[in-house]
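Have a look at the sequence and the structure first.

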Amino acid sequence: MGKRKRSEKAEAEAVPKKEDVAPERPVRTLLGWKDKNEIEAKDNAASPVFRNKEKVLVTCSRRIVYRYRHLMLNLVSLLPHCKKDNKVESKETKGATLNELVELKNCSSCLFFECRKAKDLYLWMAKCPNGPSVKFLVSAVHTMEELKLTGNHLKGSRPLLTFSSNFEKDAYWKLLKEMLLQIFETPKDHRKAKPFHDHVFVFSIVDDHIWFRNYQISVPHNESDKLPRGSLDKMTLIEVGPRFCLNPIKIFGGSFGGPTLYENPLYVSPNQIRALQKKKKAGTFAKKVKAKTRRKMHEMANPLEPDEFADMWKD
């Protein structure tokens, strides 16, 4: 009995009391001191939820025209989750260069504005590094500076994206809709984004072209005219800008290249259009020359009779 009591006493002395042990120091974070148990609980709770970490690299080719550069800067101001980079040389190896830039900038998508002949603007929209990617011809460009529209919305606020019902008719339109959604949609918890919606991006298909518009959601601000939730009657849309039209040329399986998934059969390049216009102008000149030669031949075939009174006033 004596031995057992002594051993119990020794064990009791060896185990320190709870009061004597110093409490474990909490983890310091950017938002202050936090307990480890709280952090673990939050991590376990948030692990199955998908978090959108989309980042878009926006860049352009060298020798771009000022109007197209202004359009690019307008889009940069509309997308708080984008990163702007230096100009890239528009060569055959631009795909590899852009993929490397996207990886260095830690982005997942890319918008590349390629200007040719100081007239034509092409927009590459790519998911990097595995694709797919789309090449558009951009036309009907109107920047915010040109339009002078009355609409205005907060910079960095999240947009609502609306698509016309035509996007559901074919597989390639569905693919384009998904790409536009992923690139133009601002992630929910992005550090540069405001947490509310006050403008709308509208994508609509007319004549197999995608037309882009940006509208402010205007709500009356008088105290007496405060809107109840869900009442859309008094809300109005005011256009902000920019405006442009996208004509899809090709959809590729990879990033800036790869197998062709879709090719637009109705697409006519701007070079062909200009060549046809030149031919028409050349045709008008040829018609004038032919008319002159016909007139001369007619005059030679039908000479005028000599005038009796031609020499009457010479004396």
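Start with Lys148, which sits in the loop between helix 5 (144-147) and strand 8 (157-163). Keep in mind that this is a predicted model. Lys148 isn't a glycine, yet its phi is positive, at about 55°. That's worth a second look because most residues other than glycine have a negative phi.

Is Lys148 buried or exposed? With a relative accessibility of 68%, Lys148 counts as exposed, since the cut-off for that label is over 50%.

You'll find Ala118 in the loop between strand 5 (109-116) and strand 6. Ala118 also has a positive phi of about 55°, although it is not a glycine. And Ala118 is exposed too, with 53% relative accessible area.

## Two cis peptide bonds

Now for the backbone links. Most peptide bonds are trans. Here, though, a cis peptide bond joins Cys128 and Pro129, with omega at about 0°. Pro129 belongs to the loop between strand 6 (120-127) and strand 7 (133-142).

Where does Pro242 sit? Look in the loop between strand 11 (236-239) and strand 12 (243-254). Pro242 is joined to Gly241 by a cis peptide bond, and omega there is about 0° as well.

Strand 8 is mostly covered, as five of its seven residues are buried. In this setting, buried means under 20% relative accessible area.

Which way do strand 8 and strand 9 (residues 194-206) pair, parallel or antiparallel? They pair in the parallel sense, over seven bridges. To find your place in the pairing, pick out Arg158, which stands opposite His197 in strand 9.

## A nonpolar patch on the surface

Last stop: the surface. Phe309, Met312 and Trp313 form a nonpolar patch there, and together they have about 440 Å² of accessible area.

Take Met312 as one of the three. Met312 lies in the segment after helix 7 (270-301). Its relative accessible area is 46%, so Met312 is partly exposed: that value falls between the 20% and 50% cut-offs.

Technical notes:
Residues are numbered from 1 along each chain as its sequence is written. This is a predicted model: local features need pLDDT of at least 70, side-chain atom pairs count only at pLDDT 80 or more; totals for chains, interfaces and linings use all residues. Side-chain values use heavy atoms; hydrogens and water are left out. Helices (H or I, at least four residues) and strands (E, at least two) are DSSP runs, numbered from the N terminus. Buried means under 20% relative accessible area, exposed over 50%, partly exposed in between (1.4 Å probe, protein chains only). Two strands pair if DSSP finds at least two bridges between them. Patches are made of residues with over 30% relative accessible area and no salt bridge: like charges are joined within 9 Å, nonpolar side chains (Val, Leu, Ile, Met, Phe, Trp, Tyr) within 5 Å. Accessible areas come from the Shrake-Rupley method with a 1.4 Å probe; for residues, only the protein chains shown count as cover. A salt bridge is a side-chain nitrogen of Lys or Arg within 4 Å of a carboxyl oxygen of Asp or Glu.
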